[in-house]
Amino acid sequence: MSNSIKKSELFSFIQRYLFSTANCDGKTVNYNRFSANESLGKIFDTLLNCFDYDCPDGYHYDEVIDTLTIFEHFEFDCSPNNKGGSMLRRNCSEVTKTINKELDNMGYGEFRSEKFVAQSEGVKDGNTVVYHMGADGDKFRDNYINNFKATFDNHAKKVNSYINNCKNALNKACSSVKICFIIEDITMGGTCYKNERGSRGNEVHLFFTKQFMDVFRDSPVDYVIFGMLQSPEMLTICDRTILADYDNVIDLKSMEFYVFPAMPQFTFAVKRPI
């Protein structure tokens with residue numbers, strides 16, 4: 001199929017990670033960093049040419065080799081999560097609504113706004129909430145693990161449904177089916193380890209963790225593309241050969257994270273008479 005992606009979810013991902021590094025040299029988009037399989041780069045080409053869909057997010061059918069490739073995208077973060085969803089998403093939504101309302105009510109001229117989006121609970125001090133840098137590293141770590149695992153498992157349970165939906169849409173049996181999950185860590189400011197000095201250390205890469213290996217090993221997923229919103233140049237992909245490195249990965253339960261508890265969101269706009 002030709003370039004036919006319309007869905008905002010996948011198209012936004014492609015714009016953030018692939019269009020911005022279109023002239024990649026193997027360093028910005030690390031096709032083969034986690035596998036000796038040189039054909040992994042073709043998954044990105046397939047993604048760019050996939051067909052927009054609702055459930056899954058996209059698919060591509062190669063008539064020559066009678067192969068269906070399914071793409072499903074999801075995000076997770078380090079913030080507390082409850083029945084209302086991620087704290088980060090809820091707070092981002094509230095700030096966006098507030099800014100949009102201010103923009104609707106503004107007169108002609110310049111509009112500037114600086115608001116803070118919280119991704120942790122903070123500590124109440126009278127009528128204010130105080131956020132301590134470097135605090136709650138164990139809670140952020142547990143949020144990361146729980147949010148990732150719950151979201152991955154939820155999508156993995158739907159794989160058979162994704163396959164049946166695509167086969168029905170194509171009206172083909174398809175001799176081969178490949179599943180690719182596209183996962184983003186959207187934690188504001190990035191997810192980092194706390195180093196031995198108690199300050200901000202290296203970024204947490206999902207593929208290098210026991211927690212990823214465990215859920216990937218027991219899933220029907222063939223490929224995973226992983227991106228970190230804070231570092232789009234680090235887009236990476238793996239297939240199931242990565243499982244051979246199981247003994248060399250990090251158990252996140254033994255680590256502590258350093259995550260910014262809140263981040264500023266700046267908005268600038270100009271309203272002129274038409």
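Biologist: Is C78 buried or exposed?

Modeller: This is a predicted model, in which local features need pLDDT of at least 70, side-chain atom pairs count only at pLDDT 80 or more, and totals for chains, interfaces and linings use all residues. Residues are numbered from 1 along each chain as its sequence is written, and side-chain values use heavy atoms, with hydrogens and water left out. Buried means under 20% relative accessible area, exposed over 50%, and partly exposed in between, with a 1.4 Å probe and protein chains only. Because its relative accessibility is 0%, C78 counts as buried.

Biologist: Is C166 buried or exposed?

Modeller: The relative accessible area of C166 is 0%. C166 is therefore buried.

Biologist: Which category of accessibility applies to V123?

Modeller: V123 lies in strand β7, residues 123–125; a strand is a DSSP run of E with at least two residues, numbered from the N terminus. V123 touches T128, V129, V130 and H132, leaving aside residues up to four places away in sequence, where contact means heavy atoms within 4.5 Å. Because its relative accessibility is 45%, V123 counts as partly exposed.

Biologist: In what order do the 3 strands of the open sheet lie?

Modeller: Two strands pair if DSSP finds at least two bridges between them, and 2 bridges join β10 (residues 192–194) to β14. The edge strands, β11 (200–203) and β14 (257–258), each pair on one side only. The pairing is antiparallel, and the order is β11-β10-β14.

Biologist: Which residues line the largest cavity?

Modeller: A cavity is a set of points on a 1 Å grid over the protein atoms alone where a 1.4 Å probe fits but cannot get out, and lining residues have an atom within 4 Å of a point. The lining divides into 2 nonpolar, 4 polar and 1 charged. The residues are D185, T187, G190, T191, M228, L229 and Q230.

Methods: Helix = DSSP H or I, 4+ residues; strand = E, 2+ residues; numbered from the N terminus. 1 Å grid on protein atoms, 1.4 Å probe; cavity = no way out; pocket = protein on both sides within 12 Å on 5 of 7 lines; lining within 4 Å. Nonpolar A, V, L, I, M, F, W, Y, C, P; charged D, E, K, R; others polar.
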